[in-house]
Amino acid sequence: MIKKIYWDSVEIENTKFFFTVTDKGINFVSSPGKKLSEMFDFYPKSRYQIEFDYDELKTSHYREQFEDYLAGKERHFDLPIDVSEAGTEFQQLVWETVEEVPYGETMSYGDLASKIGNRKSTRAVAHAVALNPVLIMIPCHRIVKADGEPGKYRGGEAQKKALLQLERSAPKKRFIQKLPLPNLSQLGKPGL
């Protein structure tokens, strides 16, 4: 049975990222500068079962969030992700846990392994992170080596460093302190 996948791309500083969306959510973001066909590295069983369709109505919200994120305006992706046909249960657990790492923060591979319940699975966790099909939206760039060094990244180490720097340099949101409103009986009195 042929499955329809909607594709689009976003270009940042002369680097193009392709992405694909199912009816359930985004399911793939390419490595920078790679072709759309890279998707089949993550979905090999789908190679002859997909019909690609360019449909801005299906993809525009994702493209807008990518553009805002890469411009430093967006800190959180709130659109659905669909990796139901990618990876193993363990890999999907790792990806779900990676999604919880806050914007601008990092976590080591070892700490990620501990968070999913098995500190000794650091190598398996690192492998699962490397197989993440949805770069940026599942923020595997926030997972770093124990010494704080960025480590490897499907998009390249330079891209990982650039994403981490983008998040570190984004202006912090300022919260407005609400002042209490005066009582009606205080209106018109000096000093208010």
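Modeller: One definition comes first. Ala, Val, Leu, Ile, Met, Phe, Trp, Tyr, Cys and Pro count as nonpolar; Asp, Glu, Lys and Arg count as charged; the others, Gly among them, count as polar. By these classes, the lining of the largest pocket has seven nonpolar, two polar and four charged residues. Keep in mind that this is a predicted model.

Now the pocket itself. The largest pocket holds about 240 Å³ of space. Its lining is made of 13 residues, and the closest to the pocket centre are Tyr109, Ala130, Lys152, Tyr153 and Arg154. Which helix gives the most to this lining? Helix α4, residues 122-130, does, with three residues.

Look at α4 next. Val125, Ala128 and Val129 are its buried residues. Down the axis of α4, they fall within an arc of 100 degrees, so they line one face of the helix. The cover over these buried residues includes α2 (89-98), α3 and β6.

Follow the chain on from α4. The loop between α4 and β6 (143-144) contains Ile136. Its phi is near 75 degrees, a positive value in a residue other than glycine. Most residues other than glycine have a negative phi. Is Ile136 buried or exposed? Buried means under 20% relative accessible area. Ile136 is at 2% relative accessibility, so it counts as buried.

Then comes helix α5, residues 157-169. It has 13 residues and reaches 18 Å from its first C-alpha to its last, close to the 18 Å expected at 1.5 Å a residue. The buried residues in α5 are Gln159, Lys160, Leu163, Leu164, Leu166 and Glu167. They cover an arc of only 155 degrees around the axis, which puts them on the same side of α5. What do they pack against? The buried residues of α5 pack against β2 (15-21), α1 (56-70), α3 (109-115) and β6.

How many cavities of 30 Å³ or more does a search of the whole structure find? It finds one. About 30 Å³ of space lies in the largest cavity. Lys3, Thr22, Asn27, Tyr43, Asp82, Ser84 and Glu85 line this cavity. By class, that lining divides into one nonpolar, three polar and three charged residues.

Key: Residues numbered from 1 in each chain as written. Predicted model: local features only at pLDDT ≥ 70, side-chain atom pairs only at ≥ 80, totals over all residues. Heavy atoms only, no water. 1 Å grid on protein atoms, 1.4 Å probe; cavity = no way out; pocket = protein on both sides within 12 Å on 5 of 7 lines; lining within 4 Å. Points joined across faces, edges and corners; volume = space filled by probe spheres on them. Helix = DSSP H or I, 4+ residues; strand = E, 2+ residues; numbered from the N terminus. Buried < 20%, exposed > 50% of the residue type's maximum accessible area, 1.4 Å probe, protein only. Expected span 1.5 Å × (residues − 1). Arc of directions from axis to C-beta. Contact = heavy atoms within 4.5 Å.
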